[in-house]
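This report describes selected features of a protein complex. The sequence and structure are shown first, and the description follows.

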Amino acid sequence: MILLQARDVSLRRGDRAVVSAASLTLAQGRVIGLIGPNGAGKSTFMRLLAGLEAPDHGDVRILDRSMGQISSALRARQLAFIPQDGGTPPPMPVRALVALGRLPHGQAGDHAVRHPAVGHALDVTGLQDLCARPASHLSGGERARMNLARALATDTPVILADEPIAALDPAHALSMMHLFRQQAGQGKGIVVVLHDLVLATRFCDELVLMDDGAVIRHGPALQVLDDDIMRVVYGVTVRRVEDAVLPWSLCR
Amino acid sequence: MKPAHQTMLLNVMLLAGVMGLFVTSLMWGETRIMFSHALADLLAGRHTAGAIIVERLRLPRTLLAILVGGTLGLSGAVLQGYLRNPLADPGILGVSGGAALGAVSVFYTGLMQVSIAALPLGGLTGALCAAAVLMGLVGRGGTLVLLLAGAALSSFAAALTALVLNLVPSPYASFEIMHWLMGSLTDRTFTHVWICLPGVVCGTLLMLSAGRALDALTLGEDVAASLGFQLHGPRGVQTRIVLGAALAVGSCVAVSGAIGFVGLVVPHLLRPLVGYQPSRLLLPSFLGGGLLLLLADMVVRVVAVGPELQLGVLTALVGAPVFFARVIMLKRTVS
C-alpha cells in the first residue's frame, strides 16, 4: 500500500531551484533513506513531503489524497515530522512534551498525558524512567528518542525524520535506527535523512540520492552507491566491506 | 502533585487573592466611609456620599486594576510563549507607544477639555492605528519580522511623542503629559472601563484561543505546523496573538498610561509553578497580573503623602528588583 508519494516536485527560492522534479514513493512497512551531500535539497524536499511548504510544481499525495486538498489537522494525523534540529526543549516534563503528539487528535493536558499511545511511545523509546525529568536536562541521545516518542504518540502511518542521528554517538545512532526499523515492521512508512552511509545501507530498504535539488538515483542501497556516483556526488572514493559502503578517501 | 492539580490550586489561590483585594480596595481609600452602609445605600439606589465614592470612584478604579493588570500579565505570558523569549513583554509590539502618542496628541490639541472621554479615546485611536500598522508590516512574516516591526513602531511612536513634548506650548501641558505617561488609575471612571472593555474582552479571547498552539510551539515552528497548527495567514496563530495582544494592551494603555514590568515579571514568577507549559500559564498570568496591580494601586493610595506616587513608577520600582533577583538565581543555576 502506497502511503506517501511525491511526483516531479519542484520548488524555487528566488532564481535558484532548491528542489527540481524530485519524486519518491513510500510504501507501508518500508524505510527510505534520503541521502546526498550538504546543500543537495534533502531538508527542503522533506518539508515538501511533510506539507510544511507547497511545491511550485508537482504534487505530494498522502494516502492517495493530494496534500494541498486535505486540512492541516488531517495531515497531522497521517504524518509526523521530526525536524533536523529541535533546539533545547523547554523544562517541561518529558511525558508532557511527548503528550503534545496527541494535539492533532484534539487531546491536551491530563487527557493527553494519560493516553495509552503516550505510554506506549515512552515504552518503545525506553523513556519511561525519564518521563518525569525536565526535557531540558536530557542528553542528545535521550532528546532524539523523545522527539521520536512525540512522533509515535501521534500514531501516524507516516514518519518523516530529518537527520535524527546527526548528533548521536554510534550506540545511540544504532538504537534509533533499530527503532525506525521496528516501527516499519509494524506497518508504518518512514523516510529518514541520513549522512551515515553505513547505517543507511544497513537499515534502509531503499535509498534516494539527491544532488543539486534533483533525485539522481533511487533503489536498493548497493545499486545506488556505486563507485562512480560516490566520486561524482560526494567527491570520495569508497571501499566495500561485505555489504557496507565506506567512504574512504577524498578524490578532489 | 500533578501539574494540572498544581495549576488549579494556583488559580484558586490567585482568584481568592484577587477577590479579597477587590473587596479591600472598595472598602479602603483616602476618605473613610462605613462600607456596609455605603454598600446598602448603593444597592438601595440611595445617592449618599459613601455610595457615590464606592460606585463612581473606587469600583471603576478597582475594576480597571484587574483588567489592566490581568491584560498585561496575560499578554506577557502569550508573547513570551509565542516568541519563545522570556524577555518579551507587551511593550515590544509598539502598540503601547501608539496609545501613548494618541493620548499625548489629545493633550497637545487641547481636546481633553471637550470631554473626559477624549483622552482614553485618543489613546485607543493611537493603539488601533499602531495595531493596524503592525499587522500590515508583519503580514505573513515570522517572529523576527514581528520583533523588528514592533521595535520600529515603538521607536517611531516614541520619537513622535518626544516631538509633541518638544512642541507643546505650555509647561503645564508638558507636566500633564509626563504625569500621564507614568501610568495611573487615579480618578478613572466607568467611562474609562467601558472604553477599554471591548478591546480587552476581544483581545483576551483571541489570546486564549492560541493556548494549545503555544504548547506546540515549544517544540519549534516546524513541529507546531506539522501538528496541524496554521501559524501564519489571516486566521493563523500569529495573527490571533498579535491582534489580541495589540487590542487588549492598546485599550489598557489608553486608559491607564504606560505601566511597565507587570507583563514581564508576572509570567516569570508563575512559570515554574505551572510546569513551564505555556497554555497552563495563561489564566494564572491574568489573575496574577490583576492581583499585582490591585496590590500596587492600594500601596499607591496608602503612601499618598504629598503628590500621589504614580502606579507605573511603583510597578517599575518593585518589578525591576524582582527581575534582578531572577537574573541572580538564573546565574546560580547555570554555574
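## A hairpin in chain A

In this predicted model, strands β11(A) and β12(A) form a hairpin with two residues between them. One residue of the turn, A:Glu242, has a positive phi of about 50°. The two strands, β11 (residues 236-241) and β12 (residues 244-250) of chain A, run antiparallel and are joined by six bridges. Within this pairing, A:Arg240 has A:Val245 of β12(A) as its bridge partner.

## The six-stranded sheet of chain A

Strands of a sheet pair through backbone hydrogen bonds, in either the parallel or the antiparallel sense. In chain A, six strands form an open sheet of mixed pairing, in the order β6-β7-β8-β3-β9-β10. Its edges are β6 (79-82) and β10 (214-219) of chain A, each of which pairs on one side only. From one strand to the next, the twist averages 15°.

Within the sheet, strand β3 (residues 31-35) and strand β8 (residues 189-193) of chain A are parallel and pair over four bridges. A:Val31 stands opposite A:Ile190, which belongs to β8(A). Helix α7 (residues 170-185) of chain A packs on the sheet, where it touches β3, β7 (158-162) and β8 of chain A. The direction of helix α7 makes about 155° with that of β8(A).

## Overall form of chain A

Chain A contains 10 helices and 12 strands. Its radius of gyration is 18 Å, close to the 18 Å that the globule rule gives for 252 residues, so chain A is as compact as a globular protein of that length. The C-alpha trace of chain A spans about 55 × 40 × 35 Å along its principal axes.

Of the 252 residues of chain A, 48% count as buried. Among the contacts in chain A between residues at least 6 apart in sequence, 64% join residues at least 24 apart.

## A tryptophan in chain B

B:Trp194 lies in helix α8 (residues 190-208) of chain B. Is this residue, B:Trp194, buried or partly exposed? B:Trp194 counts as partly exposed because it has 13 C-beta neighbours inside 10 Å, whereas a buried residue needs 20 or more. B:Trp194 and B:Val54 are 140 residues apart along the chain, and their C-alpha atoms are separated by 17 Å.

## Confidence of the prediction

For chain B, the mean pLDDT is 88, and 98% of its residues reach 70 or more. The predictor gives the complex an ipTM of 0.91 and a pTM of 0.89.

How values were computed:
Residues are numbered from 1 along each chain as its sequence is written. Chains are lettered from A and ligands numbered from 1 in the order in which they are written. This is a predicted model: local features need pLDDT of at least 70, side-chain atom pairs count only at pLDDT 80 or more; totals for chains, interfaces and linings use all residues. pLDDT is the predictor's confidence in each residue, from 0 to 100. The radius of gyration is taken over C-alpha atoms; the globule rule is 2.2 Å times the number of residues to the power 0.38. A residue is buried if 20 or more other C-beta atoms lie within 10 Å of its own, exposed if 12 or fewer, and partly exposed in between; C-beta atoms are placed from the backbone. Two residues are in contact if their C-beta atoms, placed from the backbone, lie within 7 Å. Two strands pair if DSSP finds at least two bridges between them. Axes are lines fitted to C-alpha atoms, for helices over the stretch in contact, and angles run from 0 to 180 degrees between N-to-C directions.
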